[in-house]
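Plan: go through the chain contacts, then the strands, then the helices and the core.

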Amino acid sequence: MRRINLWLVAAVLVVAVLPLILPLPRGLAEPFAGADAQAQAAITAAQPDYQPWFRPLWEPPSGEIESLLFALQAALGAGLLGYYLGLRRGESQRGKPDSDRARHSDRARHDAQAVDARD
Amino acid sequence: MHIMEGFLPPIHAAAWGLASLPFLVMGARSVARVTREHPRAKLLLASAGAFAFVLSALKIPSVTGSSSHPTGTGLGAILFGPSVMAVLGAIVLLFQALLLAHGGLTTLGANIFSMAIAGPWVAYGVYRLARALGAPLSLGVFLAAALADLATYLVTAAQLALAFPDPVSGFLGALTKFGSIFALTQVPLAVIEGLLTVLVVNLLIQYSRDDLDELAFAPGVVR
């Protein structure tokens, strides 16, 4: 199972990195521009007189602040997901009698008894 | 798939908002029911939302020379049913509309419809169909997540084509134009989303079998 998961991660990396290695399609205004922005440009090109009738209430003042907020979004999501998986992994291992954890706690109990005996 | 603020004519914006509303109400009820009937699965529900939060923040390059992001809504749809994702997806879209100026308040209804409604329902339908046809769990999960991702972007293309039909070739011409911007770019990203969703389901089966049993998800599959 662990091996399958490693292969899945490897496949994701290949699919994500491949476009950066392959030659770019010709005639691009800007390499790897966002598809959302391209759609917006296509609207403006097809209907030059269309005026957006509402403006965002707040816009990130710079690209840096924008990437900060995107990173924050990813970190919040990954943090919660990681917390959940870690919690459940810990719980599932506590149940196993012969795990490392159980052995350590056995030794801890043994040490505690030894201390008690000395008293 | 974010239609930018103000980039849908008011009638369209209102219509998509109205279309999304019943799904949001249904979704809020589903969330309440899940937390009441399966209190143990609450944290998993939040994690499904977190998965959508991460994936929709990641702009990934595509072979078309542009970049876009996955949606992450397939996971929650196959675990909890599609309704809950209307609410979880709406939270993601609201965060991005208010803090990132990605999407917008006037286009929120349309964006909810594509990402938080159409995608999850496609995921759910594809997953159920694949499993009914005897597909292995991983294949069903992969197809569900990947096709939900693609469906979201196709719906966005259709929404824009309806609002901005080509003066010569009409709706279909515009659909081809917006479809080529969104759908082609999205193919490798849909593959990525499918693979990552299979990865998370594998981890859930490994470490969180109890929560999956609580939801009667993939009964009997153990690692």
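This is a predicted model: local features need pLDDT of at least 70, side-chain atom pairs count only at pLDDT 80 or more; totals for chains, interfaces and linings use all residues.

Below are my notes, in the order I looked things up.

**Entry 1: the chain contact.** I started with the contact between the chains, where 52 residues of chain A meet 54 residues of chain B. Which elements of chain A supply at least two residues each to the side that touches chain B? I found α1 (2–21), β1 (33–34), α2 (35–46) and α3 (63–94). The biggest giver on that side is α3(A), with 15 residues. I also sorted that side of chain A by class and got 38 nonpolar, eight polar and six charged residues.

Entry 2: Next I followed β1(A) over to chain B. It pairs with β2(B), residues 66–68, in the parallel sense, over two bridges. I wrote down the partners: A33(A) bridges to S66(B), and G34(A) bridges to S67(B).

Then I asked myself in what order the strands of the sheet run. The order is β1(A)-β2(B)-β1(B), three strands in an open sheet with mixed pairing. The edges are β1 of chain A and β1 (60–61) of chain B, each pairing on one side only. I also noted a helix on this sheet: α7(B), residues 170–207, packs on it and touches β1 and β2 of chain B. The direction of α7(B) makes about 45 degrees with that of β2(B).

**Entry 3: a helix pair in chain B.** I looked up how α1(B), residues 10–37, sits against α4(B), residues 83–99. Their axes are 7 Å apart and the packing angle is about 105 degrees. Angles of 65 to 115 degrees count as roughly perpendicular, so that is what I call α1(B) and α4(B). On the α1(B) side the contact is made by F23(B), L24(B), M26(B), G27(B), A28(B), S30(B), V31(B) and V34(B). From α4(B) come S83(B), V84(B), A86(B), V87(B) and A90(B). By class I have 10 nonpolar and three polar residues in this contact, and no charged ones.

**Entry 4: the core.** Last stop was the largest nonpolar core, which has 98 residues. Which of its residues touch the most other members? They are A123(B) and A144(B). Helix α7(B), already noted for packing on the sheet, gives the most to this core, with 18 residues. I then listed what A144(B) touches, leaving out residues up to four places away in sequence: G74(B), I78(B), A123(B), V126(B) and Y127(B). So much for today's page.

Key:
Residues are numbered from 1 along each chain as its sequence is written. Chains are lettered from A and ligands numbered from 1 in the order in which they are written. Two residues are in contact if their C-beta atoms, placed from the backbone, lie within 7 Å. Helices (H or I, at least four residues) and strands (E, at least two) are DSSP runs, numbered from the N terminus. Ala, Val, Leu, Ile, Met, Phe, Trp, Tyr, Cys and Pro count as nonpolar, Asp, Glu, Lys and Arg as charged, and the others, Gly among them, as polar. Two strands pair if DSSP finds at least two bridges between them. Axes are lines fitted to C-alpha atoms, for helices over the stretch in contact, and angles run from 0 to 180 degrees between N-to-C directions. Angles under 35 degrees count as roughly parallel, over 145 as roughly antiparallel, 65 to 115 as roughly perpendicular and the rest as oblique. A nonpolar core is a set of buried Ala, Val, Leu, Ile, Met, Phe, Trp, Tyr and Cys residues joined through C-beta atoms within 7 Å. A residue is buried if 20 or more other C-beta atoms lie within 10 Å of its own, exposed if 12 or fewer, and partly exposed in between; C-beta atoms are placed from the backbone.
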